[in-house]
Amino acid sequence: MSGTPLVGIIMGSTSDWETMRHAARVLGELGVAHETKVVSAHRTPQRLYDYATGADARGLKVIIAGAGGAAHLPGMAAAMTHLPVLGVPVESKALKGLDSLYSIVQMPGGVPVGTLAIGKAGALNAGLLAAAILATSDAALAERLKAWRAAQTDNVATDPE
């Protein structure tokens, strides 16, 4: 995607890309400049610190953070930036993503993370929500988002067969 990224998509490991690619795909379809990075809260804490504290200065407007298991990435990113952070719980093997969901959604008061559904649906919706946030001040993006949603509606069959 060309231009200065407006949305940062971060994930705790490369294995999370299978989920997080859906956020990137929909942002690409909507023409929203974005970037994707592996930033682990536990294994690369300095990378997380640098990413989150420098996000605003680099032009980002929204961060989408996907994480599985302990899932501290979204909350830690939110603690270090004033930008909106959207958390995507990545499905884990042990608890099917419930551990991730609880870790992300149960933030203490004062450190908000907008938490989406577990897995692919959550990543897709995080991309759409990031676009909707940006569309509040970008009329052209608002029109593209409306068209995307209209196309989605048009693709719903009226008959089951």
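Predicted model: local features only at pLDDT ≥ 70, side-chain atom pairs only at ≥ 80, totals over all residues.
Biologist: What makes up the secondary structure of the protein?

Modeller: There are six helices and five strands. Along the sequence they follow the pattern β-α-β-α-β-α-β-α-β-α-α.

Biologist: In what order do the five strands form the sheet, and is the pairing parallel or antiparallel?

Modeller: The order is E2-E1-E3-E4-E5, and the pairing is parallel. The sheet is open. Strand E2 (34–38) and strand E5 (114–115) are its edge strands.

Biologist: Why are E2 and E5 called edge strands?

Modeller: Each of them pairs on one side only.

Biologist: How do you know that E4 and E5 pair?

Modeller: Pairing takes at least two bridges. Two bridges join strand E4 (residues 85–89) to E5, so the pair meets that cut-off.

Biologist: How many bridges does E3 have with E1 and with E4?

Modeller: Five bridges join E1 to E3. Five bridges also join E3 to E4. Both pairs run parallel. Met11 has Gly66 of E3 as its bridge partner. Ala65 has Gly87 of E4.

Biologist: What makes E3 a mostly covered strand?

Modeller: Six of its six residues are buried. Val62, Ile64 and Gly66 point one way from E3, while Ile63, Ala65 and Ala67 point the other way. Both sets are buried.

Biologist: Which residues of H4 are buried, and how do you know that they lie on the same side?

Modeller: They are Asp99, Ser100 and Ile104. They cover an arc of only 125 degrees around the axis, so they sit on the same side of H4. The buried residues of H4 pack against E3, helix H3 (73–79), E4 and E5.

Biologist: Why is Thr19 called buried?

Modeller: Its relative accessibility is 11%. Buried means under 20%, so Thr19 counts as buried. Thr19 lies in helix H1. Leaving out residues up to four places away in sequence, Thr19 touches Val88, Val90, Gly119, Lys120 and Ala123.

Biologist: Why is Arg21 called partly exposed?

Modeller: Arg21 has a relative accessible area of 32%. Buried is under 20% and exposed is over 50%, so Arg21 falls in between. Arg21 also lies in helix H1 (residues 17–29). The C-alpha atoms of Arg21 and Gly127 are separated by 9.7 Å, though the two residues are 106 residues apart along the chain.

Biologist: How do you know that the radius of gyration agrees with a compact globule?

Modeller: A compact globule with 161 residues would have a radius of gyration near 15 Å. The protein has 16 Å, which agrees. The C-alpha trace spans about 45 × 40 × 30 Å along its principal axes.

Biologist: What share of the contacts with a separation of 6 or more joins residues 24 or more positions apart?

Modeller: Such residues account for 67% of those contacts.

Technical notes: Residues numbered from 1 in each chain as written. Heavy atoms only, no water. Helix = DSSP H or I, 4+ residues; strand = E, 2+ residues; numbered from the N terminus. Rg over C-alpha atoms; globule rule 2.2 N^0.38 Å. Contact = heavy atoms within 4.5 Å. Buried < 20%, exposed > 50% of the residue type's maximum accessible area, 1.4 Å probe, protein only. Arc of directions from axis to C-beta.
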